[in-house]
Amino acid sequence: MKLHSVAAAVLAASTLTLAGLPAHAQSAQPVASASSAKVDHASVARHYADVVYANYTDTLAGAKSLQTAIDGFLASPSAEGLEKARQAWRNAREFYGQTEAFRFYGGPIDDENGPEGQINAWPLDEAYVDAVEGKPKSGLINDTKFKITKANLTKFNERGGEENISAGWHAIEFLLWGQDLSETGPGNRSFEDFVDGKAPNADRRRQYLSEATALLVDDLSGLVDAWAPGQKNYRAKFEKGGKESVRKMIVGLGSLSRGELSGERMEVALNSQDQEDEHSCFSDNTHRDVVTNAKGIQNVWTGSYTRADGSTLTGPSLQGLVAAKDAALAEKLTAQIAGSVQSAESIPAPFDRAIVQGSAGRPAVEKTIASLVQQSKLLVQSAGAVGIAKLTLVEP
């Protein structure tokens, strides 16, 4: 994300009359299994905590698999090993992208001490980390006075500017793929950049990739701990929050729908038509970022999350809570959110080509933005239906 730039008025109330989507869109989303459990603010907050914990646990497992792949690659660099590490990065991102729906209300991920800025901050100035085209000696990797440790990667993250990103998913992504200098594909870094004698400071590049990955695993482990059941942690407080916790859930969904996903991550890139403004620009994975973010919103709304092992976690949901007060509104928002996911899935790769004026993919991007904006307005209405009026955003 571009830090400190989410507009505080994202969830302004709306009186727009909204039309539902076609029946096929309504049936495109998972429906939580019928349950005799009471659906109220408390039960919805408790089940949300289950979903958050499961999603972060799956993300941590993916990051550890990434770490294993990277360790194997660094022990004996090869083209095959590099591709395995890249695929492990993509696999882990599928789960992390869904966790973005748990943000924007001052929870463990983005409170004043939260690690979000060193987990997923973007855009990243490549020259801050490593050599780039025309600057062969740039970056912390080529500054031999800089000691590469997890502590220093944390200390230097965003030092001197928001784009001076030294840690997280996108620093790792840049090291695995390199600069994206192609209009039709991702970056094409050679595995030889990590081989002594083949590239300057290859040993430091290996160390940097290793430390950055270890830091990511540490940060995700902290989030898992914060949401673990049966502990004296953030989850314990959240589960007792009742209506206030439900308010936070809706703030998270509305902020991601309008301010972050449709705004920062899509509209900015659509307007600039610059690949530097896309989220995962080095790997050309942005189209999947959009889908998983939209899916994360759907997970929270329906109370349904499909785990890494294929099992599905279901329970009391915002959908059910709103339906008890206004069934038509709940149905309309369910269809709208399903439509957003469907539109996101139709965006072709690479995203940096889809945003270009006149491209075949641009209408799909525009349609997804419009759907996300519409659903944010319906989320405001849904909050009102369950007795929540104050939707002030917490600046991440």
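Q: Is the crossing of α2 and α8 left-handed or right-handed?
A: In this predicted model, α2 covers residues 41-75 and α8 covers residues 202-226. For α2 and α8, the crossing is left-handed.

Q: Is α2 roughly parallel or roughly antiparallel to α8?
A: The two axes come within 9 Å and cross at roughly 165°. Angles over 145 degrees count as roughly antiparallel. So α2 and α8 are roughly antiparallel.

Q: In the contact of α2 with α8, how many residues are nonpolar?
A: Have a look at who meets whom: L60, L66 and I70 are among the α2 residues, and L209, V217 and L220 are among those from α8. Sorted by class, there are 3 charged and 6 polar residues, and the nonpolar count is 14.

Q: Which residue class do 11 residues of the contact of α11 with α13 belong to?
A: On the α11 side you'll find V290, I297 and W301, among others, while α13 brings residues including L333, I337 and V341. The contact also has 2 polar and 2 charged residues. The class with 11 residues is nonpolar.

Methods:
Residues numbered from 1 in each chain as written. Predicted model: local features only at pLDDT ≥ 70, side-chain atom pairs only at ≥ 80, totals over all residues. Heavy atoms only, no water. Axes fitted to C-alpha atoms, helices over the stretch in contact; angles between N-to-C directions. Helix = DSSP H or I, 4+ residues; strand = E, 2+ residues; numbered from the N terminus. Parallel < 35°, antiparallel > 145°, perpendicular 65-115°, else oblique. Left-handed = near helix turned anticlockwise from the far one by under 90°. Contact = heavy atoms within 4.5 Å. Nonpolar A, V, L, I, M, F, W, Y, C, P; charged D, E, K, R; others polar.
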